[in-house]
Amino acid sequence: MSTQVPESKEQTESEPETKPVSQGKQKRDQKKRERREREAAEAEEQSQKEEAAKLAEDSYHLKVFRYDPEVEGKQEPRFDDFHVPYKQGMTVLDALIYARDEYDSSLTFRHSCRQAICGSDAMFVNGSQKLCCKTQLSDLSEPVRVEPLPHAEVVKDLVVDMEHFYDQMEAVEPYFQTNDLPEGELEEQRQTRENREKVKMSTRCIWCGACMSSCNIAAGNNDYLGPAAINKAYRFAMDEREGEEMKQHRLEIIERENGVWRCQTQFSCTEVCPKDIPLTEHIQELKREAVKNNLKFW
Amino acid sequence: MAERYSSFETGGRRWLWQRITAAFLVVVLAFHFFLLHFVHHAADVTFAMSAGRMETLSYYSLMVLFLVTATFHGVNGVYNALINQGLSGQRKTAIKWVLVAASALLIVQGIRTANAWAGLPTF
Amino acid sequence: MSQSYNRGLVEDFGRWREFSAGMWAWIFHKFTGWVLVGYLFTHIAVLSTALSGGDAYTATISTLESLLIVRILEVGLLAVAMFHILNGLRLLLVDLGIGLESQDKSFYASLVLTGAIVVASVPTFLAGVSL
Amino acid sequence: MYEHDVIVVGAGGAGLRAAIAAQEEGADVAIVSKLHPVRSHTGAAEGGINAALREGDSWESHAYDTMKGSDYLGDAPAIETLAQDSPEEVIQLEHWGMAFSRDDDGRVSQRPFGGLSFPRTTYAGAETGHQLLHTMYEQLVKRGIEVYDEWYVSNLAVSDEENPEERTCHGVVAYDIQSGEVEGFRARKGVVLATGGLGQVYDHTTNAVANTGDGVAMAYRAGVPIEDMEFIQFHPTTLPSTGVLITEGVRGEGGILYNSEGERFMFEHGYANNAGELASRDVVSRAELTEVNEGRGIEDEYVHLDMRHLGEERIVDRLENIVHLSEDFEGVDPLEAPMPVKPGQHYAMGGVETDENGETCVSGLYAAGECACASVHGSNRLGGNALPELIVFGARAGHHAAGRDLGEAKIETGKRGEYEVGEVDTPVSPGEVGLGSPSGDAVADGGEKAADGGAVAATGEEIVQRALDRERARVDRLLNTDGVNHSEIRSDVQQSMTRYVNVFREEGGLKEALRDIREARERYQEVGVSDPSRTFNTDLIHTIETRNILDLAEAITLGALARDEFRGAHWRKEHQERKDDSWLKHTMLSWNDGEPELWFRPVILEGEGKTYEPKVRSY
Ligand SMILES: Cc1cc2nc3c(=O)[nH]c(=O)nc-3n(C[C@H](O)[C@H](O)[C@H](O)COP(=O)(O)OP(=O)(O)OC[C@H]3O[C@@H](n4cnc5c(N)ncnc54)[C@H](O)[C@@H]3O)c2cc1C
Ligand code: HEM
Ligand code: SF4
Ligand code: F3S
Ligand code: FES
């Protein structure tokens, strides 16, 4: 646990200067003074900037969830308001980046690719799970409320703990397994186009966790595999290259107590998936496969 | 990891039965409602009329089956809902047996009532 | 691991305004299912008066049926049952992989149909009730 | 302190392959990555992976195409290794279950790609990189390889002998983003850098926000030479607000570029009278920028790419994902309006100098992927050649680091063999600010001087510990300083780079950029982190990254200024021809105690049984 609060800045800065001061230190102090003046000016400028943005017609009002276990004033969660000047094509992520770079550099959120492929910026925007980089501000009503993903613990601001999600993803043996690879050195396995087409959508998952966050069953029951992990299982179970025997094994995995049977076809996963994966459909298909499979032995 | 899912209680059977009973209930429930609210009005129901119907074996067995399926379907539904809310371990086992007991009671009581109408012993 | 903040359950149902069709269907189905189980138990309890003799049974039923509140509850029961049945059928279709793309439409259809059937049967249900 | 045989820094395609390879050799391997593996930017690659798989194709032909594409600045041993190993590696991916697109007979499909003499690009729809990344991560899970995700590697623990060629890398120092702890990682056998691209040096790039070139900068400061940094590939059609790439396919299908006057400028202004919109990437990029610079851009920023005339049916059939990209990321429906596009940074050909086994001149230190320069791409990368580079050199680096004998490398690293000292005339002195001042201001930001004295005979553990102590002090200092926000510095440098060191390079502009970078370095002396928290402090991480961006921006500009010729992606206004007599050599930069030193190493054109003769590059 790292709950220690870093020494406050005042302390370090006002430490009495008794020791002989080196030239370098003097220079730094000089700079520090200048900097403080400049900062004051900047703060002024910044609030002016915000004021101006607020007044400007083309600005968006964001209400952003803030929380930090270590920082006083943020230990109790609160919402901060940001007014961000709007530009054609601006996404929620762009607005957050702007707010961070221009107003408050401690605003914290995950992001990387800006093109809906890394899956790091799923958040709760105006009440539903959205991938921020893929959500145009112009499609939202103001004020735009940005919160961390529900049903996950908040680490700080908009960052949630993804460990549980990763654990579930990795619980379904999410790797290709087969017992008979072709002989020749440069021989690939054959796969029909139809079969690739069948698994195609399921391979598009970017592990953003939006689906898991939207599913009430997953929220109530931490053991439930959740839509993304089941979809991962689907991706392999339906891949003809793995062979029949492996498919049996895969069905056993998703059939366990907290596998597919927990899904109550809420459809919220399908609704929020930014990659348009038909999750409910995949889950339902696995249920049917599992039932068929069981009937064989009855 | 996968070990966490080692419980071999596959929910599959209960899931399937929930669907099967649902499909059955659609038909029987519709019949039941129709008979008792539209053909006869509930207000006019008397012991004698019920008794009359119950004496036919087919009606009697249909109603018992109706009772059993409805109980299974309803109680299993409740049980599922509780599991979905994260019920597990001892509490889960406890709830399970409470529900089983309640269902047994319900079914026994129902059959006794039916027997009363059909003129069979009510034990 | 660092500390974290759990927002608890507010986020579950405090958000009802943003729920989508599938979510509402799920909530309604749950609710109606529970009401039906509850009814099943009461129903059997009421019917068991038959065990203490034909007259007791007939008397109970006619007393109950003469109460407006019971009649209204019966209409409610019909609504609940109707929705549960129709949405149940929708779910059965979903289980068979039919109509997943129009799952929201079929939910609205269940609602509308339930409404229509209930309205249509109000006269039958309330007929002959003594006020 | 954590300890493993092999530490892999970065979990993109290259890092994952390296880790798997090291594990195949029986090593205890761990990955340390600032992003969870599946968040790596390899996932963004769309096009495909080149590999000579079929009858009628051969590795020789792949090598030849690559050499030609590199404009004869690639090293033959590296290029031939790439061409020879990639078929096996691609089949390996298929055996790991990667969802390649298929032909009717069920075999992996291949398609033609620019600059290739045979359709040898394997692909998985328009999401090849995503499939590759996830397939490899799955293998990682299968093997139970340890991943320290969201750990930011901020320094290498390298011994401090006088010459980089004598140094050894013993591990890394990393910062746990979630908890704020700084920890040492000792590597018994080797460290593999696989930190990816450096697109964030520019303000407009197809690269991810995390692509800040950390590995290149860290290796550079530890004394490892960096190679051919001036060669940056720009893509002509990226969306202005995010840098999302719009594939060449749009122009291939018949999309047209217009300026603000509605002119089809590729023809009307004579940039490419034959090929028009289909001219090569650099030609189109320059044409677009010329239009904007001459006042015919839209909003002084971009041009229009119009595909409406193709008709909705054809667009939806062949370019459906483009419709979504444009709508989602730019808010423009390309069926109704032309898409705004402008050139954006796309790929860095240069990087950490390695041999064909991925090893650098510092023993125990390897690099693979986009951060490395074994010199496969020379002065210009062919489409579809980066992904095979990841898996081929990732695997070699992993195997070698874990101890497999790959034979003597043909490429020499460090100042060994043939090389010449170079010189470049700069307006301001490059490198660390305040070098040589007694106050030690040069390291005020915590960036260390390489090889700064100290006992040479330290054990590996001591060396990691020393680096760890320094890093802890740096983090404390940054957290406790109330200084300039890094983001201003970063964005100034990014803008300057885009303005002066992009597809157009003029002597005056390059010098201007060096001045800007110098100024930024000075401001960076006063940088501070305003977020005081130890929990998930991205402000801190970005501040450290900004330092790396500064060093790399300078390296790119220095290289660009030194190389007075036009080769591949590097265009100089004053020098419009390729000068084979004087420039068949790699630009090398070494960080000597805070000061970049320029030198050159000849290109190796002798391959297996044949020598590649520089020819005019025309397609
Ligand atoms: C839009 C786009 C399309 C492309 N299309 C193609 C294509 O079709 N074909 C092709 O061949 N190539 C293509 N490329 C190029 C190719 O995708 C990249 O060169 C390649 O993916 C880079 O892979 P990598 O493993 O080197 O780095 P990355 O995948 O970028 O991974 C870098 C890793 O390093 C980690 N890291 C970075 N810094 C640190 C640090 N300080 N501490 C810890 N970890 C760190 C990151 O977390 C990440 O895991 C494309 C590139 C882009 C941007
Ligand atoms: C008449 C036709 C009926 C149909 C078609 C039907 C259908 C269904 C289906 C498909 C489910 C499962 C939902 C899921 O698991 O996703 C369900 C759940 C349930 N049903 Fe029914 N049902 C019917 C009648 C009844 C009756 C008569 C009762 C009462 C005894 C009942 C009580 C329940 C309960 C309690 C649930 C669980 C609800 C929950 O999830 O909390 N149902 N029904
Ligand atoms: S299935 Fe969709 S919503 Fe769920 S993690 Fe994958 S991409 Fe995200
Ligand atoms: S939201 Fe949950 S209940 Fe099933 S359909 Fe999706 S997993
Ligand atoms: S930033 Fe990568 S998915 Fe949004």
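Buried area is the accessible area, for a 1.4 Å probe, that two parts lose on being put together, summed over both. The structure is a predicted model, in which local features need pLDDT of at least 70 and side-chain atom pairs count only at pLDDT 80 or more, whereas totals for chains, interfaces and linings use all residues. Residues are numbered from 1 along each chain as its sequence is written, chains are lettered from A in the order in which they are written, and side-chain values use heavy atoms, with hydrogens and water left out.

Between chain D and chain A, about 6,700 Å² is buried, 45% of it on carbon and sulfur atoms. In terms of contact (heavy atoms within 4.5 Å), 80 residues of chain D meet 76 residues of chain A. Nine salt bridges are counted between chain D and chain A, a salt bridge being a side-chain nitrogen of Lys or Arg within 4 Å of a carboxyl oxygen of Asp or Glu. One of them joins Glu94(D) to Arg241(A), with the closest N and O atoms 3.0 Å apart. The interface of chain D and chain A also holds 43 residue pairs in polar contact, both residues at pLDDT 80 or more; the criterion is a pair of N or O atoms within 3.5 Å, where within protein one must be able to donate a hydrogen and the other to accept it, and residues adjacent in sequence count only if both atoms are side-chain atoms.

On the side of chain D that touches chain A, the elements giving two or more residues include α3 (76–95), α4 (128–143) and α15 (538–562) of chain D. The largest share, eight residues, comes from α4(D). By class, this side of chain D has 24 nonpolar, 32 polar and 24 charged residues.

Chain D contains 16 helices and 22 strands, assigned as DSSP runs (helices H or I, at least four residues; strands E, at least two).

Within chain A, the domain assignment gives domain 1 (43–159) and domain 2 (163–178 + 194–294), with bounds from an automatic or database assignment. Domain 1 and domain 2 of chain A bury about 920 Å² between them, 58% of it on carbon and sulfur atoms. Gly119(A), Gln129(A) and His151(A) lose the most area in domain 1, together 47% of what that side buries. Across this interface of domain 1 and domain 2 of chain A, zero salt bridges are found.

Notes. Nonpolar A, V, L, I, M, F, W, Y, C, P; charged D, E, K, R; others polar.
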